[in-house]
Each structure stands twice: as C-alpha cells, then as structure tokens.
Amino acid sequence: MVMGNDFSIELTMSNEMNPLDAVVRAMNIIRRGKITINHIIIDMSDSVIRISMAVRGEEDEVRWVCNKLDKLYDTVNVKYMPIELQVNMVVMSNGKNIQR
Amino acid sequence: MIMPRAVDLLAREMERMGVDKVFGIIGGQIMPFFDALYNTNIKVYMFRHEQGAIHAADAYGRVTRRPMTVVVTSGPGATNLVTGLANAMMDSSPLIAITGQVPTVFFGRDAFQETDIVGTSMPITKHTFMVKKPEDLIPAYKAAYEISIDGRPGPVLIDAPRDAQLSEIRDSGIREMRVHRKIVPEPDPSLISYALKLLLNAERPIMLVGGGVCWSGATNEVLTLAELIGMPIVTTLPGKNCVPGNHPLVMGPAGMHGRLEADAALINADVILAVGTRFSDRTVGNFNELRRGRKIIHIDIDRSEIGKNVKPEVGIVGDAKAVLSMMIGMVSKALERRHDDFIRWLRSIKESYEEYRSKVPFEGFAPWRVLKVLREVMPPHAITTTGVGSHQMWSELHWDVYVPGTFITSAGLGTMGFGIPAALGAKIARPDVPVLDIDGDGSFQMTMQNLALVREYNLPIIIAIFDNSTLMLVRHWQVMLYSRRIIAVDFNVNPDFMKIAEAYGIEGVRPSNYDELRASVARAVRNNEPLIIDITIDRERDFVLPFVPSGKWLEEVIMPEGFHVNLRYMGDGYGK
C-alpha cells in the first residue's frame, strides 16, 4: 500500500574532509525544497555519512531535491522511493520489539 | 633542514598549474599566503574592494573559461566576497576564492575578524573547503580548480586558517583528494529522436538559447540546427552572449525587457527547444502560460534544471554541444521543414520597431541611439560589460552582440556595480581587446573605487555612464506599478564624474551631441586609452519599453507610446 505523497530519501555522502560540512550542505538544499521532513536520521559512524529521511511532498519536488543533492561533490549516492504503509509494522529499537 | 610552509608549497603548486596572477586584498589572516607569493612569478592585482576583485574574477572566468583565484583576508574581507560568490553561482561562472581565517584554536571564540565564511557561503557556492590540516591545502586547491570547471561551472571557496597556512610540512605529507566528478550522461538517442520528431512536425518551432550554450561551446550547433529546420532563435539575457545578433534567425532576447519579435516568437510557438536555460521568470514571465498549448524540449547539463520551473515534454540531460550534434546528424536524413513565412513576420516586427525608434523624437541623448553610436565605433570583437539597471535593459534590447562570448552582464543576481570590475577582469584576460563598460550612474558609484587599477596596471577600459541621476529601473516600476509614488531613487546630488575621472588619471568627457560621443570613443579605441564618458539622460523620459510586468504573460507587454504591433501570428501566407 502506497501513501499519497510520502517518500523516503537515502543519501550517502563522503566524509573525506569535514563531514559535518557535507551534512550542512545537504540541509541547505533540503530546506529550500517544497517538501516536509517527517523524520531524519544522520549516521556518521561509518566510513561514509548516511542520511535517511522520510518526507512528504509532490514527487516532482522530491525529485528536484534529490537532483540538487546529487549535484553536491560530497554526494556518493542519492535515491528516493515511495513509502509503503506497513500494516502491523514492527520497529526494532534498543533490542526490544515495539508493536505499532 | 628548513621545511617549507604549507602556503609555500601551495604557491609553488599554483605556478606549476600555470597560475600567473591572482586578484585580491591582503589582510591579517591571509598574510602568510601573500608572503609565499613574494618569491614567485605570480602577479597580484590589488583591488580596492573585495567585491571588485571577485566580480573581476567572475568576468575573467567567463572570458578565459578558466577560474581566476581571488585571495582575501578573514572577517570583512571574506564577507565582502559574498555578493560576488552569489553572482558567479547564478551565472555559472568559474572562480576560486581563498579566504584567510583565524587560527583553528580560536574557532568559535569570536576572535578578531572571525567569521564562519564556510557556513555563510555554502548555499551560494558550488563547493567549499574548510582546510584545518596544512597537508590539505594543496589538495583542496587542486580539487577546487577541478570542481569550478567541471560540468556546469561555478565558484568554489577555500577557507584557510592562519595556522594551517603557516605550518611546515613535507612534500611527501601531501595526500591526494578524490573529486567525485559529475559524469555528464551520453545523450539518449531515443529521446533525441522523439524531440526531433516534435520539432519536424511542429507548425512554428523555435529555439530558446540560454547561457549554457556559451559554456558548452555550442554556438555553431545552435545555428546549424536552426538553419536546417528553419526555426527562429530567441535568447535569454545570458543567451544573448551565445549567438551572433546579426544572424537572420536570431530574434534576440525575450522577456521583461526583451525584443518584441522574440516575445512574438515565444507566444506563437507550438514547440520550444530550450537549450542551456533555467527558464527564468524574467524570460518567460508566466510559467503556466508558457506551458499552455506548447510542447517543450529542454536540454541541460544540470539534471536539477529539467522540470524545475517548467515541466518539459522531453527532458534531455546532457552537454548542449553533444545533444545538438546528434540532432543535426539525424535531421540531415530527415525531411527539412521551413518556416519562412513565420520568420518573415517576426522580422517585420523587428523592422517596424527599429523604424519607430529611428523616428521617435527624443530631446537630448536617447539611450538606444547612444548604443547604436557606441556599437558603430567599438570593433565587433570588443568585449562589453554592463552594470545593472535601465542601461543594462537598453543594452539587452539594443546592443548587438556580433561575436559570441563578448557580452558580460550580471543576469541572474542582477548585481549593481558589476560593470567596472567586470571590465577590468575582462581587460586583464584579454589585454589586446578593447573593453567597454556600459554603466549607469547608480551602478558606477557602487564599485568606482576600483578605477584605481586602470592606471596602476595599465588597463585602458572605456566606461559609458548612462547618467540619469536616479535608480531608473526602480523609478520606472514606481511610475508604472506604484502610482508614481517616487521615493528613494533620485540622486539629487551626484558627484562630478569628470572630477572622478581626473582623480584616477583617466580622461573624462561629457559630450553634448552624438558626434562628440562618437569622436571621443573612437579616439580612445584608436589610442588604446582609458575613457569615462558621462552621458546625460533625461530621467523623466528614460523608460525602458517594451516592458512585461513581473509575473505577466508576454502578450501583456507594455509597448512604447505611439507604437503598436499585434504579437499574434495570423497564419502563413503573410507578406505574399
């Protein structure tokens, strides 16, 4: 089941030099996009920076944001996809199962 | 053993890369870098304001297609670059800015002249580097150089703290930095084939040329394809620089202060082939109207431009030259189509308008006639820069670009004060070519302190000031859109520009007629001498018309008083 205008964006960035600068550059683009961020996780624990976002907006706008992100020289990869609503979704957190 | 400082190695590397000059202004936190230049052959052009240095670098990049390096200090030195960075970003111009920074130990402590210029400039640069380790200075510069000209050009900033500049390092300690270059995709033949089918089946196809055509070097391909299909060419303001204005298919720039024949071409087109343009609101006026009943083919090297403002029927990501070459290869096998009647009708609009302008009475200097005289005197290959204001819009309408790449203007950001430093940058890039700055009195006063470079470095530029003692374009809007409530635009006391010229050792002329204007400019060109011409223009009559109010569709154009043409094409057979 696909929610109307909900998308996930997965962004992978290089952390070769001042990784936080790369993140801020990405945020500068996202804040100018006509989308709403519902959820964002930034993981800098690996050899690359992984930014996962759940966003709401028209697909054209989501695509525009992704195209802009793709232009950044820190960006290794960016992709988006519609979020499918998972009925009885189970979220793993802190080793415990949380029923939704 | 004495080890070199990071800046010494950088200066050496810059020389190795062929850098023989930099623009900038020295200050506390960038002293190490300038000190490193002491024993090099790199020449420093010392501007009188950082904004001047960066606009000059912007123009230098547009002329040479290589980035100039601008070097300034931290704090105000760096923040004075901000407008120039945004300008270069908007007009896709390559340059490298190196800013000094307080030592890393003081970061975030509000040290004297500390500013987070990396944070400030991120949204208005193609990339930024905060160099905290001395061994990163050279890799950052090499990467900045590469990034500034990779794909769609743009400005790159390197912030260099003083301790990183001064640290001694070994050559062997310098690492390589990978640049994730943006791969320009090969044009998709199926999309090109479909686009061509649309063009060949169109009743009235037109081509909209943007600044990307210049960066791609696709002028010949644009003209060849237009000639094969027999389609008119309309340009954006930056696109005016990319095609020769005297080509019979070129209708000139469309939009807010565009040519009526260009507006008419867009209004009546059923298929638009847009090349290297972002569909600025200034060019098309109203996006919804543009889309209505028209099929749009959009070619751009920047994927994010496709569909940004106008959703196309066909979007082709690729280099303009490559895509148009493929199209040309296919069209020669296809059935050629001509649109001679439509083109003849468009040219009749141009002729009517030119005739009107040649006859309309105008006491004193008429801006369009001034431009005509200047054009007659300046050699075809001369480089022209402009400030921003009514003189720029008159130039958009009436300045003929004969050699592509010779018209440099601040199109996207609309930066007043761009003209003088841009002319200096162009002259430094091409000392053998005459350079003319068409300026306004408002624009001129924003960066005129950089005139000091004219004599210091022997940069004989010619500056024509369209002097209406007001911020005319805003005044125009106040008259037309704000019920003539004129406020904060008129300069009731302007400086004497002849005395300004004299102060900088430049000849100044205030002509009283067109012959004096022609003679003084011809003399300056012939003798390769700098000149400032102060041309008095009546602000009560200096309205740049035609004018399409912001957000309106091109058909809602306000034409000059006493002139009217119908911009709707009544069908083939015109003139037969």
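These legends walk through several close-ups of a predicted model.

Residues are numbered from 1 along each chain as its sequence is written, and chains are lettered from A and ligands numbered from 1 in the order in which they are written. Because the model is predicted, local features need pLDDT of at least 70 and side-chain atom pairs count only at pLDDT 80 or more, while totals for chains, interfaces and linings use all residues.

**View 1. How confident is the predictor in chain B?**
Chain B averages a pLDDT of 95, and 98% of its residues score at least 70. Here pLDDT is the predictor's confidence in each residue, from 0 to 100. For the model, the scores are ipTM 0.91 and pTM 0.95.

**View 2. Chain A and its fold pattern.**
Chain A has two helices and six strands, and along the sequence they run β-α-β-β-α-β-β-β. Helices (H or I, at least four residues) and strands (E, at least two) are DSSP runs, numbered from the N terminus. Of the 100 residues in chain A, 25% count as buried. A residue is buried if 20 or more other C-beta atoms lie within 10 Å of its own, exposed if 12 or fewer, and partly exposed in between, with C-beta atoms placed from the backbone.

**View 3. Where chain A touches chain B.**
This contact takes 16 residues from chain A and 19 residues from chain B. Two residues are in contact if their C-beta atoms, placed from the backbone, lie within 7 Å. On the chain A side, helix 1 (19–30) and helix 2 (59–71) each supply at least two residues. Helix 2 of chain A gives the most, with six residues. The side of chain A that touches chain B splits into five nonpolar, four polar and seven charged residues. For these classes, Ala, Val, Leu, Ile, Met, Phe, Trp, Tyr, Cys and Pro count as nonpolar, Asp, Glu, Lys and Arg as charged, and the others, Gly among them, as polar.

**View 4. Domains of chain B.**
Chain B is assigned domain 1 (6–173), domain 2 (189–346) and domain 3 (363–540); such bounds come from an automatic or database domain assignment. The C-alpha centres of domain 1 and domain 2 of chain B lie 37 Å apart. Where these two meet, five residues come from domain 1 of chain B and five residues from domain 2 of chain B.

**View 5. Helix 17 of chain B beside helix 24 of chain B.**
The axes of helix 17 (residues 367–377) and helix 24 (residues 514–527) of chain B come within 9 Å and cross at roughly 30 degrees. Axes are lines fitted to C-alpha atoms, for helices over the stretch in contact, and angles run from 0 to 180 degrees between N-to-C directions. This crossing of helix 17 and helix 24 of chain B is right-handed: a crossing is left-handed if the near helix is turned anticlockwise from the far one by less than a right angle, and right-handed if clockwise. Among the residues that meet are V370(B), V373(B) and L374(B) from helix 17 and L517(B), V521(B) and V525(B) from helix 24. The contact residues divide into nine nonpolar, no polar and two charged.

**View 6. Helix 17 of chain B beside helix 18 of chain B.**
Helix 17 and helix 18 (residues 390–398) of chain B pack at an angle of about 65 degrees, with their axes 10 Å apart. This crossing is right-handed too. P367(B), W368(B), L371(B) and K372(B) of helix 17 make the contact with H391(B), W394(B), S395(B) and H398(B) of helix 18. By class, that gives four nonpolar, three polar and one charged residues.

**View 7. A53(B) and its neighbours.**
A53(B) sits in helix 3 (residues 50–64) of chain B. Why does A53(B) count as buried? Because 32 other C-beta atoms lie within 10 Å of A53(B). Leaving out residues up to four places away in sequence, A53(B) touches F23(B), G24(B), I25(B), F47(B), V70(B) and V72(B).

Most residues other than glycine have a negative phi, and most peptide bonds are trans. With 23 C-beta neighbours inside 10 Å, F279(B) counts as buried. From L545(B) to P546(B), the peptide bond is cis, with omega near 10 degrees.
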